[in-house]
2 protein chains.
Amino acid sequence: MAARDQSRIIPEDYQDLLDTTALVHVATLGPQGEPQSNPVWFDWDGEHVKFSQTKTRQKYRNVMREPKIAMSVVDPENPYRYLEIRGTVEGIEEDPDNAFINAMARKYLGMDEYPYHQPGDERVIVYVRPQHTTHMG
Amino acid sequence: MAARDQSRIIPEDYQDLLDTTALVHVATLGPQGEPQSNPVWFDWDGEHVKFSQTKTRQKYRNVMREPKIAMSVVDPENPYRYLEIRGTVEGIEEDPDNAFINAMARKYLGMDEYPYHQPGDERVIVYVRPQHTTHMG
């Protein structure tokens, strides 16, 4: 994963949105190249937007096939302020001990363990490298 | 626009989300077929999801080129409940007197006139016919 100054890509005055517990709405491409959209919990490590996914979900299959992705997040304090991040899925990592989804449960639910885990769920961590943004507000 | 029972497409127990003042996040395809995402105000007329757009915006050009679209909306009362609507842009109508964007300002802002109109803005109404949904919660 190439080192690069992500602060040049995420505008400084929108970086606060990456520290909120807002949902990001993730747009991916389906099997026929059609757009699909759904909201997810996310994390920002200063370089990648990260989200959790089970291997059985359509979105996982979508980004394995086509890594182009877009995400939009609205300021929870101001519905007229949002950031769109377009980028590429740069990596997908296994999350065999659920460390990442549990970290997301701590962030979003204040719980140490993700409470919706189903037996047999195999989770991965999707790493998105931002390449372009749009914003409003 | 073919008559069709949309209630078969929007699950009955998610139709309430179409009456909220939540934002829908709209996923479209950009010039290189890449996904793009951003939040918009919307209306539901029982058959189409409708949203306003200025002709200069990328999203307008996107749906003129490729009418496939997806939208996700989260329940404002329950962040773990959402509806995704996939469909097709079936029509684009002029909104020369801003009747539609003003109706959206009434819905979302409680104001009779859209306050962010810029001189020269040419607005259209985008009509999306739902074809498939996914949901959670």
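A residue is called buried here if 20 or more other C-beta atoms lie within 10 Å of its own. By that count, buried residues make up 39% of the 137 residues in chain A of this predicted model. The prediction scores ipTM 0.92 and pTM 0.93. Chain A averages a pLDDT of 93, and 95% of its residues score at least 70.

Read from the N terminus, its elements follow the order β-β-β-β-α-β-β-α-β. Chain A has a radius of gyration of 15 Å, close to the 14 Å that the globule rule gives for 137 residues, so this chain is as compact as a globular protein of that length. The C-alpha trace of chain A spans about 40 × 35 × 30 Å along its principal axes. Contacts also reach across the sequence: among those in chain A between residues at least 6 apart, 65% join residues at least 24 apart.

Phe51(A) sits in strand E4 (residues 49-54) of chain A. Because 23 other C-beta atoms lie within 10 Å, Phe51(A) is buried. Setting aside residues up to four places away in sequence, Phe51(A) touches Val26(A), Val40(A), Trp41(A), Phe42(A) and Val126(A). Between Phe51(A) and Pro130(A) there are 13 Å in space, C-alpha to C-alpha, while the two are 79 residues apart in sequence.

Val40(A), one of the residues that Phe51(A) touches, belongs to strand E2 of chain A. Val40(A) has 19 C-beta neighbours inside 10 Å and therefore counts as partly exposed, the cut-off for a buried residue being 20 or more. Leaving out neighbours within four places in sequence, the contacts of Val40(A) are Leu23(A), Val24(A), Val26(A) and Phe51(A). Val40(A) and Arg129(A) lie 89 residues apart in sequence and 16 Å apart in space, C-alpha to C-alpha.

The helices can be followed in chain B. Helix H1 of chain B covers residues 58-65, and its buried residues are Lys59(B), Asn62(B) and Val63(B). Viewed down the axis of H1(B), these buried residues fall within an arc of 90 degrees, so they line one face of the helix.

Helix H2 of chain B runs over residues 99-109, with Phe100(B), Ile101(B), Met104(B) and Ala105(B) as its buried residues. These cover an arc of only 145 degrees around the axis, which puts them on the same side of H2(B). On the face turned away from that buried side, H2(B) carries the exposed residues Ala99(B) and Arg106(B). Strand E3 (43-44), E4 and E7 of chain B are among the elements that cover the buried residues of H2(B). Just after H2(B) comes Gly110(B), which takes a positive phi of about 65 degrees.

What remains is how the two chains meet. Here 23 residues of chain A are in contact with 23 residues of chain B. On the side of chain A that touches chain B, strands E1 (24-29), E2 (35-40), E5 (68-75) and E6 (78-94) of chain A each supply at least two residues. The most comes from E5(A), with six residues. By type, the residues on this side of chain A divide into 11 nonpolar, eight polar and four charged.

The same surface serves both copies, as 100% of the contact residues of chain A recur in chain B.

Terms used:
Residues numbered from 1 in each chain as written. Chains lettered and ligands numbered in written order. Predicted model: local features only at pLDDT ≥ 70, side-chain atom pairs only at ≥ 80, totals over all residues. Buried ≥ 20, exposed ≤ 12 C-beta atoms within 10 Å, placed from the backbone. Helix = DSSP H or I, 4+ residues; strand = E, 2+ residues; numbered from the N terminus. Arc of directions from axis to C-beta. Contact = placed C-beta atoms within 7 Å. Nonpolar A, V, L, I, M, F, W, Y, C, P; charged D, E, K, R; others polar. Rg over C-alpha atoms; globule rule 2.2 N^0.38 Å. pLDDT = per-residue confidence, 0-100.
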